[in-house]
Amino acid sequence: EPVLPSNPEELNSMYDKQSCAKLKRKRRPMRTYCGCWYHKSCLNTFLTEPPFGAVCPTVNCGRRVFHPDWPGDIKQMEREWAAKQARMREIEDAMLFL
């Protein structure tokens, strides 16, 4: 799926703070340090779920995906993911008692 829209006006609307709907924010293109473009929601999934420190899947790139809006420390990302999984398990366990 293309990241950048073919019409430049659509790209401007994605960055407009006043008319920026939640869906537009998720679809907003973001460039990583390897030079490749991702949707914000796709980049978030790629950087916050295992395997951490994965290389860019773009053909002929092969560099680690990194963006300053997300932590660059792999151990920190692993801890955050593990804490999130533990919270989800606790919620599931609590649901069993309700």
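These questions and answers cover one predicted model. Local features need pLDDT of at least 70, side-chain atom pairs count only at pLDDT 80 or more, and totals for chains, interfaces and linings use all residues. Residues are numbered from 1 along each chain as its sequence is written, and side-chain values use heavy atoms, leaving out hydrogens and water.

Me: What makes the pattern of this chain α-α-β-β-α-α?
Reply: The chain has 4 helices and 2 strands. Helices are DSSP runs of H or I with at least four residues, strands are runs of E with at least two, and both are numbered from the N terminus. Read along the sequence, they give α-α-β-β-α-α.

Me: Why is Leu-98 called exposed?
Reply: Its relative accessible area is 84%. Exposed means over 50%, buried under 20%, and partly exposed in between (1.4 Å probe, protein chains only). So Leu-98 counts as exposed. Leu-98 sits in the segment after helix H4 (74-97).

Me: How do you know whether Asn-60 is buried or exposed?
Reply: Asn-60 has 80% relative accessibility, so it counts as exposed. Asn-60 is in the loop between H3 and H4. Its phi is positive, about 65°, although Asn-60 is not a glycine.

Me: What makes the peptide bond from Pro-50 to Pro-51 cis?
Reply: Its omega is near 0°. Pro-51 lies in the loop between helix H3 (40-48) and H4.
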